[in-house]
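I had the sequence and the model open side by side today and wrote down what I looked up as I went.

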Amino acid sequence: MPAPDDTAFSPASAIEISGLTKTYAAAGRAPEKHALKGLDLQIPTGSIFGLLGPNGAGKSTTINILAGLVRKTAGQVRIWGFDQDVNPRQSRAAIGIMPQELNIDPFFTPRASLEVQAGLYGVPKAERWTDELLELVGLTDQAESYTRNLSGGMKRRLLLAKALVHRPQILVLDEPTAGVDITLREMLWQNVRKLNEQGMTIILTTHYLEEAEEMCDRIAIIDRGELVLCEDTHTLLGRTDSKTLVIDTGEASALPGLPEGIRVERRADGRLALGYAPSRHTVDQLIDAVRGAGLSIRDIAVEAPDLEDVFLRLTSHREG
Ligand SMILES: Nc1ncnc2c1ncn2[C@@H]1O[C@H](COP(=O)(O)OP(=O)(O)OP(=O)(O)O)[C@@H](O)[C@H]1O
């Protein structure tokens, strides 16, 4: 196996977290808080990985530990093969973080912000790619403006560029599209896809499950500091054994009799919605039953569950 400091080195897991524990100390009247309770997580190199969970699950704590902003209580974190405790400099160099908060110095221009950031990471002048980065995030025209005069969207784009100054192998985006408009969201996703195609591993936290479903090839759900599951997105979506067959019968007939286990209702638009478990019934059986009841079929559609259904099912029973 090549040494981790070989530039061609590429570990199977971009990030490996084992037994990660974080307990925030009691402060004032607030008792101590077990934010992470022995989290194990492998993030495959080259993936677009979604880290999801309800409020307070421990996502920000995990990301802040990766970023070196929060000290873990116990456990091991390897970033690009480097143990965070043993090789802090190399593990920090492998990761770029686009934070939630707009932590930008208002008196710097975007160009100066990027140069300062590159300096902090020790990127030699000759290896800086400031112009390319400004171009990538669409800030070439604002390169010399005061950052305080930039719009919120432009500031976020600058944060993305800042996360990339040291050409990290791993990019972490913490709630990148919370409260941003559609144009910015699309621009961001285009960039993320492009960077991923070039080999960068992307880790994303988001409250927009639709977005995770569309963007991520693998998803981990955490809840109350514990891993609920970590699976490929399509496997995760296939977990719920429930689909709905929606039929336009073109007439307001009585509800047909159907095989046991099928839930039937008439929707406000007049269509019949038949809820079924694909493991128990086929679409053929349902269609036969509807026809057998003397109804004609004008149009038909199958609705599959989305990530939101799966997410709620996996986390709601844990409420309390
Ligand atoms: N500095 C802190 N001191 C004490 N408790 C904290 C601190 N930071 C976070 N916590 C607590 O740790 C738990 C996990 O919080 P964290 O912010 O990691 O969750 P999250 O999944 O990012 O949630 P959200 O989606 O709401 O940001 C929460 O109960 C939170 O109140």
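**Ground rules.** I'm working from a predicted model, where local features need pLDDT of at least 70, side-chain atom pairs count only at pLDDT 80 or more, and totals for chains, interfaces and linings use all residues. I number residues from 1 along each chain as its sequence is written.

**Sheet.** I took helices (H or I, at least four residues) and strands (E, at least two) as DSSP runs numbered from the N terminus. I called two strands paired if DSSP finds at least two bridges between them. By that rule I traced an open, mixed sheet of 6 strands, in the order 6-7-8-3-9-10. Its edges are strand 6 (95-98) and strand 10 (226-232), each with pairing on one side only. On average, neighbouring strands are turned by 15 degrees against each other, direction ignored.

I found strand 6 running parallel to strand 7 (residues 170-174) over 4 bridges, with Gly96 opposite Leu171. Helix 5 (residues 152-164) packs here and touches both of these strands; I counted a contact when C-beta atoms, placed from the backbone, lie within 7 Å. The direction of helix 5 makes about 170 degrees with that of strand 6. For such angles I used axes fitted to C-alpha atoms (for helices over the stretch in contact), on a scale from 0 to 180 degrees between N-to-C directions.

Strand 9 (residues 218-223) is antiparallel to strand 10, with 6 bridges, and I saw Ile222 facing Leu227 across the pair. The two strands make a hairpin with 2 residues between them, and Arg224 in the turn has a positive phi of about 50 degrees.

**Ligand.** Which residues surround the ligand? I listed Tyr24, Lys33, Ala35, Gly53, Asn55, Gly56, Ala57, Gly58, Lys59, Ser60 and Thr61, taking C-beta atoms (placed from the backbone) within 6 Å of the molecule. Helix 1 (59-66) and strand 2 (33-44) each give at least two shell residues, and the largest share, 3 residues, is from helix 1.

**Helix 3.** Which residues of helix 3 are buried? In helix 3 (residues 110-120) I noted Pro110, Ser113, Leu114, Gln117 and Ala118, where buried means 20 or more other C-beta atoms within 10 Å of a residue's own, all placed from the backbone. They fall within an arc of 130 degrees seen down the axis, so they line one face; the arc is that of directions from the helix axis to the C-beta atoms. Their cover includes helix 4 (130-136) and helix 5. Just past helix 3, I found Gly122 with a positive phi of about 70 degrees.

Notes:
Two residues are in contact if their C-beta atoms, placed from the backbone, lie within 7 Å. A residue is buried if 20 or more other C-beta atoms lie within 10 Å of its own, exposed if 12 or fewer, and partly exposed in between; C-beta atoms are placed from the backbone.
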